[in-house]
Amino acid sequence: MKLSRSAGVLLHLSSLPGPNGVGDLGLEARRFIEFLAKSGQRYWQILPLGPNDEGNPYVAQSSFAGSPFLISLDDLAELGDLAWDEVNGCRMDAASQVDYAYIAGLRKPLFEAAASRFMSNATPERRQDFERFCDEQAFWLDDWALFAAMKKTQENKPWWEWPEDVALRRKDGLVHWRQHLAWPIQVEKYIQFVFYTQFAALRAQASAHGILLMGDVPIYCARDSADVWANREVFQLDRDGKPTHVSGVPPDYFAQDGQLWGTPLYNWEVCAETDYAWWITRLRGILNLVDVVRIDHFRAFEAYWSVPAEEETARNGTWVQGPGDAFFEAVERHLGECPFVAEDLGIITQRVRDLRDRWHLPGMAVLHFAFADNAKSSHLPVHHVKNSVVYTGTHDNDTTLGWYQKALPHEQDLFRRYTASDGSWSHFHMIRLAYGSVADLAVVPMQDILGLDTDARMNIPGTVNGNWRWKLLPHQVNDESARLLADLAETFDRLPKNETDEDETEEEENA
């Protein structure tokens, strides 16, 4: 994949401002697209979109379903699926933190009411669209709708604690529970229909403004997910559905005991026997939603950290060979050349870099990692390459202001010397470094654009509580920030180019 020289903003949809307690696909998302266009941006990186009760999109309950938290209630009221009194009853004061448990309690009865109203009152055109959606997406939707309905009727217990007939997917059990939960299943299908409809409208508006969406594929699936429940043969599970080995990474910058993610590992031998059919379907699904896909934890395709399921930390794992070129050959056979970005952070060997480069995938550089190694780090701009994406920080990093305040003295010193600054406006100088890099794409988290401190951090890897809750306040998406970004984009030749400009640039590079 070849990126044009451009810039983008990293902001999860849940972090958008708005009166309903969590960012969604409605008015504020449309306004944010206008902000990006005014800011001279080309990309909006949105992170994964899947459902998770605690908001963590990297441990979603489905690789295909969209999060009900992200559905715009206001847009449902505009269509008549909800009454305005129902929506207004869910309004919340502006806050910089999302309370997922509270919001979930408000939304469950609303979606049931909306589904009932839709089934009774929807126009023939919308009913036809719904039926078409259910038919076209049945390959994942049928399993997801049963899974989600079971979760709600089984007090949110994980699937391996459900009645055995459905937990182990016996044919008679599936038939019984699909009949028994016919209405809850319809509600779940309606929720997904609404999510996909709203997302398609947002993507169309983004395209009309020249904005491309960058999505994200988490490398692993949550054990308590429709993916694992419905496709157990794809994962390293025993007969009862228990993982034999789980995922993680060894000790690194983020965690001295490593990170024990605990998600089931793939049975790559079985995947290969089907020409990686499940993975191909998964990738095709995300490519139907977004323009570019960041492949999370890319290094696992070369080798992955395998931890026995009984371990309490990731320390005692081992590296195991991944599918490597065979996987990407299958992807190319089925999907052609794909717009992938490789998240190649962590313990990266030459073999990982070679795999990335053989498939011409842009890698990543993160400036927060650049100043710890006496100007030798590959993350330092002087070592960047064109076919890459440079970040000030990612969703797993502190904000730049928070990073600088906590950085070791020698890191602060190198940063000040490198930027010819006194460090007092560290976020701005870090953004300038990113924009001035030779890397084709520069992406900056919205928190850094606003110069926010650690209170605005999105995620602390290896921890469970308090993550994925940061939310913008309405006044923070403003013209001043747009002008700052647009000026930097112009200064460092990152303004969006039309096709003619890109063709001329490519011809000059090839001359």
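Biologist: Which word applies to Phe 118 and Phe 130, buried or exposed?

Modeller: Both Phe 118 and Phe 130 are buried. The term buried means under 20% relative accessible area, exposed means over 50%, and partly exposed lies in between, with a 1.4 Å probe and protein chains only. This is a predicted model, in which local features need pLDDT of at least 70 and side-chain atom pairs count only at pLDDT 80 or more, while totals for chains, interfaces and linings use all residues. Residues are numbered from 1 along each chain as its sequence is written, and side-chain values use heavy atoms, without hydrogens and water.

Biologist: How many aromatic pairs does a search of the whole structure find?

Modeller: A pair of aromatic rings is described by the distance of the centres and the angle of the planes. Rings of Phe, Tyr and Trp (its six-membered ring) pair if their centres lie within 6.5 Å; planes under 30 degrees apart are stacked, over 60 edge-to-face, and the rest tilted. The search finds 49 aromatic pairs. Phe 118 and Phe 130 form an edge-to-face pair, with 5.4 Å centre to centre and 70° between the planes. This pair links helix H4 (residues 100–121), which holds Phe 118, to helix H5 (residues 124–136), which holds Phe 130, the two residues being 12 residues apart. Helices (H or I, at least four residues) and strands (E, at least two) are DSSP runs, numbered from the N terminus.

Biologist: Why is the pair of Trp 403 and Tyr 404 tilted?

Modeller: The pair is tilted because the ring planes of Trp 403 and Tyr 404 stand at 50°, with the centres 6.2 Å apart. Trp 403 is buried at a relative accessible area of 6%, and Tyr 404 counts as buried at 10%.

Biologist: Which residue lies over the face of Trp 229?

Modeller: A charge sits over a ring if NZ of Lys or CZ of Arg is within 6 Å of the ring centre and within 35 degrees of the ring normal. Arg 169 lies over the face of Trp 229, at 4.4 Å from the ring centre. Arg 282 lies over the face of Trp 279, at 4.8 Å from the ring centre.

Biologist: In what order do the four strands of the open sheet lie?

Modeller: Two strands pair if DSSP finds at least two bridges between them. The order is E5-E4-E7-E8, with antiparallel pairing. Strand E5 (259–264) and strand E8 (318–321) are the edge strands, each pairing on one side only. Four bridges join strand E7 (residues 303–308) to E8, and Ser 306 has Thr 318 in E8 as its bridge partner.
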